[in-house]
Amino acid sequence: MTEIGKPVPQPTPESQPYWDGCLRGELLYQRCASCGRAQFYPRSACASCGGTALEWRRSEGRGTLHAVTVVYRPPSAAFKPDVPYAVALVDLDEGFRMMANVLTADPERVAIGDRVAVTFERRGEIALPQFRPVGEPWPDPPPPA
């Protein structure tokens, strides 16, 4: 039987700086120089004003959970060892929102309004941002392979 691994994103020209930042342990986002709005996911134009003068900024990687759900049924066999796990919409302090897993010993205790901090999971040549509750002890991620 062939084991199928977890999927990895395929960077595009617009998202490559973001993924490069993740590999360095930095969470990057775009800010529009025209209207000042922060945006995520990476794109070639501002979602607010349509401007194309987008700057890459480094996030401090801290935010608040906007919404959360606990996954009990894995979407594929590759995720079976992870269940149950929490998936959340995170409102980052810099003014953008993103979806990611919340790494915690007890996903059922994760709640809207919890403060979280970014960490990264290495999958081959990609590092994925994940979050952990602020104040909860969590081991440092393993060094890059």
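1. How many helices and strands are there in the protein chain? There are one helix and eight strands, and from the N terminus on they run α-β-β-β-β-β-β-β-β. Please keep in mind throughout that this is a predicted model.

2. On overall dimensions, the radius of gyration of the protein chain is 16 Å, close to the 15 Å that the globule rule gives for 145 residues, so the chain is as compact as a globular protein of that length. The C-alpha trace spans about 50 × 35 × 25 Å along its principal axes.

3. Next, burial and surface. Of the 145 residues in the protein chain, 36% are buried. The accessible surface comes to about 8700 Å², and carbon and sulfur atoms account for 53% of that surface. As for contacts between residues at least 6 apart in sequence, 54% of them join residues at least 24 apart.

4. I would look at the three-stranded sheet next. This sheet is open, its strand order is β2-β1-β3, and the pairing is antiparallel. Strands β2 (38–39) and β3 (54–59) form the edges, each pairing on one side only.

5. Within that sheet, β1 (residues 27–32) and β3 run antiparallel and are joined by six bridges.

6. Where does helix α1 lie? Helix α1 (residues 16–23) lies across β1 and β3, and its direction makes an angle of about 145° with β1.

7. Phe 96 deserves a visit of its own. Phe 96 sits in the loop between β5 (85–92) and β6 (97–102). Is its side of the story buried or exposed? With a relative accessible area of 4%, Phe 96 falls under the 20% cut-off and is therefore buried.

8. What surrounds Phe 96? Leaving aside neighbours within four places in sequence, Phe 96 is in contact with Leu 27, Tyr 29, Ala 38, Gln 39, Phe 40, Ser 59, Val 90 and Asp 91. As a further distance to check, Phe 96 and Leu 23 are 73 residues apart in sequence, and their C-alpha atoms are 20 Å apart in space.

9. Now to the charged side chains. Side chains of opposite charge can pair when their charged atoms come close. A search of the whole structure finds seven salt bridges. One of them joins the side chains of Arg 24 and Glu 26, at 3.0 Å from N to O. Arg 24 counts as exposed because its relative accessibility is 52%, over the 50% cut-off, whereas Glu 26 is partly exposed, with a relative accessible area of 21%.

10. Another salt bridge pairs Arg 57 with Glu 55, the closest N and O atoms being 3.0 Å apart. Arg 57 is partly exposed at 35% relative accessibility, and Glu 55 is partly exposed at 32%.

11. Glu 121 and Arg 123 also meet in a salt bridge through their side chains, at 2.9 Å from N to O. Glu 121 is partly exposed, with a relative accessible area of 22%, while Arg 123 is buried at 14%. Elsewhere, salt bridges that share partners join Arg 24, Glu 26 and Arg 58 into one network.

Technical notes. Residues numbered from 1 in each chain as written. Predicted model: local features only at pLDDT ≥ 70, side-chain atom pairs only at ≥ 80, totals over all residues. Heavy atoms only, no water. Pairing = 2+ DSSP bridges. Helix = DSSP H or I, 4+ residues; strand = E, 2+ residues; numbered from the N terminus. Contact = heavy atoms within 4.5 Å. Axes fitted to C-alpha atoms, helices over the stretch in contact; angles between N-to-C directions. Rg over C-alpha atoms; globule rule 2.2 N^0.38 Å. Buried < 20%, exposed > 50% of the residue type's maximum accessible area, 1.4 Å probe, protein only. Areas by Shrake-Rupley, 256 points an atom, 1.4 Å probe, with all protein chains shown as cover. Salt bridge = Lys/Arg side-chain N within 4 Å of Asp/Glu carboxyl O.
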